[in-house]
Amino acid sequence: MRAIVDIMRLCPVIPVLVIDRVEDAAPLARALSDGGLKVLEVTLRTPAGLAAIAAMKAAAPDAVVGAGTVNSADLLHQAADAGAEFIVAPGLTESLAKAAKARSLPFLPGVATAGDILRGLELGLGAFKFFPAETIGGVPALKALEGPFSGLDICPTGGVTLANAPSYLALPSVRCVGGSWITPKSLIAAQDFAAVTRLAAEAAALPRS
Ligand code: 3PG
């Protein structure tokens, strides 16, 4: 099993994908991978999510495909059965952390406060999604948390864009950012996967510290 931090280091941006039609999964995976984004988070907030994981892995074998919006241990097991290679959750619970460990799956839970981080550390975790990043204070808030907590591996997500991503990626704790801006619903509806590849290439070229 790859450690979550190794997955976070692969690309500067993890696209957060909301897939309404499973038919879109394969061309989307190819478009993102062609643009240089090799770590894909398929949110399980649509019925197509679970099936999209396998479709994306088949279409882009060089991509690492994980599940996001994993809100319960039960859903984590479903994601594992569907072939998810890592798990993202909007928050942290003990049952999610235990289920991820039981399934040997790299786990990236959301944290928003120092208390959340302490709980994560107590559970043996060191990599977190800082969520929802822009709403909870953005770069200054994360910078402040880097004071007491050195050595964390962070993926800010929520309100991150091509424009503000560089200021997050410049922070010492940040390995990558997550965001949905690479796959706008309008481009998917128009089946404009070439445009998705262009957005992915811009994101993949973002510098990291
Ligand atoms: C989410 O879980 O929806 C992600 O945080 C994506 O946020 P964004 O749409 O603001 O990029």
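Author: R175 and D153 form a salt bridge through their side chains, with N and O 2.6 Å apart. R175 belongs to the loop between α8 (165-169) and β8 (177-179), while D153 belongs to strand β7 (residues 153-156), so the bridge ties together parts 22 residues apart in sequence. The model is a predicted one. R175 has a relative accessibility of 16% and counts as buried, because the cut-off for buried is under 20%. D153 is buried as well, at 15%.

A second bridge joins R103 to D81, and its closest N and O atoms are 2.7 Å apart. Here R103 is in the loop between α5 (94-102) and β5 (107-111) and D81 is in helix α4 (residues 73-81); the two are 22 residues apart and link distant parts of the chain. R103 is partly exposed at 31% relative accessibility, whereas D81, at 60%, is exposed.

K38 and D62 make another salt bridge, at 2.6 Å from N to O. This pair also links distant parts of the chain, 24 residues apart: K38 lies in the loop between α2 (25-34) and β2 (39-43), and D62 in the loop between α3 (49-59) and β3 (64-68). Both partners are partly exposed, K38 with a relative accessible area of 24% and D62 with 44%.

Salt bridges also connect R21, E23 and D24 in a network. The count for the model comes to eight salt bridges.

Terms used
Residues are numbered from 1 along each chain as its sequence is written. This is a predicted model: local features need pLDDT of at least 70, side-chain atom pairs count only at pLDDT 80 or more; totals for chains, interfaces and linings use all residues. Side-chain values use heavy atoms; hydrogens and water are left out. A salt bridge is a side-chain nitrogen of Lys or Arg within 4 Å of a carboxyl oxygen of Asp or Glu. Helices (H or I, at least four residues) and strands (E, at least two) are DSSP runs, numbered from the N terminus. Buried means under 20% relative accessible area, exposed over 50%, partly exposed in between (1.4 Å probe, protein chains only).
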